[in-house]
Amino acid sequence: MSQRFGGKYSPQPQNSPAKAGRPLQSARPSRLGARVNMLFVLPFALPLVAFSQNPTGLAADLIAFGILMLSAWLTREGEKAHEAWDSRAIARRPAFPRKIFGSLLSGIGIGLAAWAPGAEAIGPGLLGVLGAALHFISFGADPMRDKGMEGVDAFQTERVANAVAEAEKHLSALRESARPVADRALMDQIDRFSATARTMFRTLENDPRDLTSARRYLSVYLEGAKEATARFAQIYATTRDPKARSDYADLLSDLDTRFSQRTEVLLSNDRTRMDVEIEVLRERLALDAPRTVAQTDPEHS
């Protein structure tokens, strides 16, 4: 299905005025890119030459191909997990070190691909070690520590982590449901709303005590938005009803506004707590000041 493309200076349709996006402040360049994709491409050289060898060489090359593809998959999943760990203020380390195991499998696959039946294993082994080292240098290790959890109630942190993970699933499902509509303006609006929602997620991660007041935003509202998006996509794909599109765009605007307002309230609560703590500390310092001066005054010694 065709999709309208445009930019800052492109004419905008009348029913979808241009709106400047609000990029997430903590956004970073994606760790996934050409270097990860190349891990899936390069191993395909093995099947091309495997069938020109004897059965032992054929089996070795095909096994090496499978090991290298598994290494590529583990590396890609490890990069995704690392990216999610980087984007969150509070995060647990991955339970399984995917990138480290990807490096080990890469070395095994390269060594097996370099081995020839009847040849010594020293050369292929050295190539395997070199390949594993280069893979580790290129992609690094998995996060090996929990982040932002020092001095934080583990139970509250776990509640926030689970709630945010479920909310992220709702956001992903919402965007996937709207993709068949192929409407660039709506997809941009969904991306802006997603950025606003993720700003709330980061705020909750910074202070898990706010979860109770914001839980319905992470569950009820996002789940309702996901279901409304699926229903809209089903109707609009067949009818192209402009009224349905307008109603859905208004819903996205309302959600964006409400989530933004709730985030401001959460930040205001954090500021209020900080002001209270500062005031309490000042009162303690004021009470302690005369006592300290009296102890250090030479006339009273």
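Me: Is Lys80 buried, exposed or partly exposed?
Reply: Lys80 counts as partly exposed, at 37% relative accessibility. Buried means under 20% relative accessible area, exposed means over 50%, and partly exposed lies in between (1.4 Å probe, protein chains only). This is a predicted model, where local features need pLDDT of at least 70 and side-chain atom pairs count only at pLDDT 80 or more, while totals for chains, interfaces and linings use all residues. Residues are numbered from 1 along each chain as its sequence is written, and side-chain values use heavy atoms, with hydrogens and water left out.

Me: What does the side chain of Lys80 meet in a salt bridge?
Reply: The side chain of Glu77, at 3.6 Å from N to O. A salt bridge is a side-chain nitrogen of Lys or Arg within 4 Å of a carboxyl oxygen of Asp or Glu.

Me: How many salt bridges are in the whole structure?
Reply: A search finds 10. One of them joins Arg202 and Glu205 at 2.8 Å, N to O. Arg202 counts as buried at 10% relative accessibility, and Glu205 counts as buried at 2%.

Me: Change of topic. How many helices and strands does the chain have?
Reply: Nine helices and zero strands. Both are DSSP runs numbered from the N terminus: helices are H or I with at least four residues, strands are E with at least two.

Me: Which residues touch the most other members of the largest nonpolar core?
Reply: Phe201, Leu218 and Phe259, out of 32 residues in that core. α8 gives the most to this core, with nine residues. A nonpolar core is a set of buried Ala, Val, Leu, Ile, Met, Phe, Trp, Tyr and Cys residues joined through side-chain atoms within 4.5 Å.

Me: What is Phe201 in contact with?
Reply: Leaving aside neighbours within four places in sequence, Phe201 is in contact with Val164, Ala167, Glu168, Leu171, Leu218 and Leu222. Contact means heavy atoms within 4.5 Å.

Me: And how much of the chain is buried?
Reply: Buried residues make up 32% of the 301 residues.
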